[in-house]
Amino acid sequence: MQVRRRLLAAGLAVLFGAGCGSGGGSGGGSGGGSAPAATTAPGSTGSTGGGGGSSSAGTGGSGGSSGEFQLSYRGRNYFLLAPDGLSSGAPIPLVVCFHGAGDTAANFWNTMKAAGWDQAARAQKVLLLVPDTQSPFGDWANWSGNPANDFAAMRSELDAVVDLALRDVGARYDVDTRSLHALGFSNGGLFVAVAGLPHPAFATCSIFGYGWGASYLVSPSTPRPVQMACGDRDTRFFGPAQSSQAFLAAQGHDLRWEPVVGVGHSFFGISGALGPGGLLSWALSRPLSAAASGGGTGAGSGGAG
């Protein structure tokens, strides 16, 4: 047990020192650019909003405006894309996107837009939510628990983000509680692997540019769908990602694995090679099932990448 803990801590320390921003690597670019102009909350009414009446699968939001918004909830800044033409009365899928270490929600959102994720979300009528971390390591942003190997802190911060999605966003839009999806790159992928995979709220988990080895970091109670992608020139994480995807497939997960040829540690490069539309479609076609409604919290065997 002590050896496994030391290995995992070493893997987290490697990630902490990697500077896992949104660009970088071969085939990648940085986000750059400015934040969306809208910095106030979307209105509570509007013809393009997400439905005026509650649904058994929705949060019952009263109908927010379409557009891009920079918002804050309980001290956490976040970016939100709400597409035009959302159907009144139909719950809306939502994808929560977690940035890498040393990055910010603003830069990750700009990188996602440069890679076409905003266009894909508009085409498929899905909300995109990009939150900032509230990590205590203020001089080097990363999701809670890293690099101290504190899984409880990761679960606590993810619970806060889910609360944001369902209460704050869900008050304005009728968020589909059966189509809430987690996406993470690099340190955000670690965050999804530890806290997202066993979380009962998420229908699917997408882990890009990260791998940890042939084990669970935290054991889920049910094998929910996972898609993983990593550049074959990502010298730190490609090998561990191969081991992780093989392990998850062997455990019965609905697993999509995409080794991206010629790309390094780059969210932009992965997105450009695979296409955001297909990555979104894979997740949206897998709503939460009744069997996946429970989440495990027990620590797994803790393999290190």
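Helices (H or I, at least four residues) and strands (E, at least two) are DSSP runs, numbered here from the N terminus. By that count the chain has eight helices and eight strands. This is a predicted model, where local features need pLDDT of at least 70, side-chain atom pairs count only at pLDDT 80 or more, and totals for chains, interfaces and linings use all residues. Residues are numbered from 1 along each chain as its sequence is written, and side-chain values use heavy atoms, with hydrogens and water left out.

View 1. Of the 305 residues in the chain, 54% are buried (under 20% relative accessible area; exposed is over 50%, partly exposed in between, with a 1.4 Å probe and protein chains only). Take the contacts (heavy atoms within 4.5 Å) with a separation of 6 or more: 75% of them link residues 24 or more positions apart.

**View 2. An open, mixed sheet of eight strands.** Read across, the order is β1-β2-β4-β3-β5-β6-β7-β8, with mixed pairing; two strands pair if DSSP finds at least two bridges between them. β1 (67-73) and β8 sit at the edges with a single partner strand each, so one side of each has no neighbour in the sheet. Neighbouring strands are turned by 15° against each other on average, direction ignored. Zoom in on β3 (residues 92-98) and β4 (residues 127-131): they run parallel, joined by three bridges. Val 96 has Leu 129 as its bridge partner in β4.

**View 3. Helix α5 between the sheet and α4.** α5 lies across β3, β5 (175-185) and β6 (204-208), at about 130° to β5. Helix α4 (residues 151-172) packs against α5 (residues 187-196) at about 95°, axes 9 Å apart. Axes are lines fitted to C-alpha atoms, for helices over the stretch in contact, and angles run from 0 to 180 degrees between N-to-C directions. The two helices are therefore roughly perpendicular (65 to 115 degrees; under 35 is roughly parallel, over 145 roughly antiparallel, the rest oblique). From α4 come Phe 151, Met 154, Arg 155, Glu 157 and Leu 158, meeting Leu 190, Phe 191, Val 194, Ala 195 and Gly 196 of α5.

**View 4. Ser 266, in a loop.** Ser 266 lies in the loop between β8 (255-260) and α7 (267-274), and counts as buried because its relative accessibility is 0%. A polar atom of the Ser 266 side chain lies 3.5 Å from the backbone nitrogen of Phe 268. Ser 186 is 80 residues from Ser 266 in sequence, but 8.9 Å away in space, C-alpha to C-alpha.

Technical notes: Polar contact = N/O pair within 3.5 Å; in protein donor to acceptor, adjacent residues only side chain to side chain.
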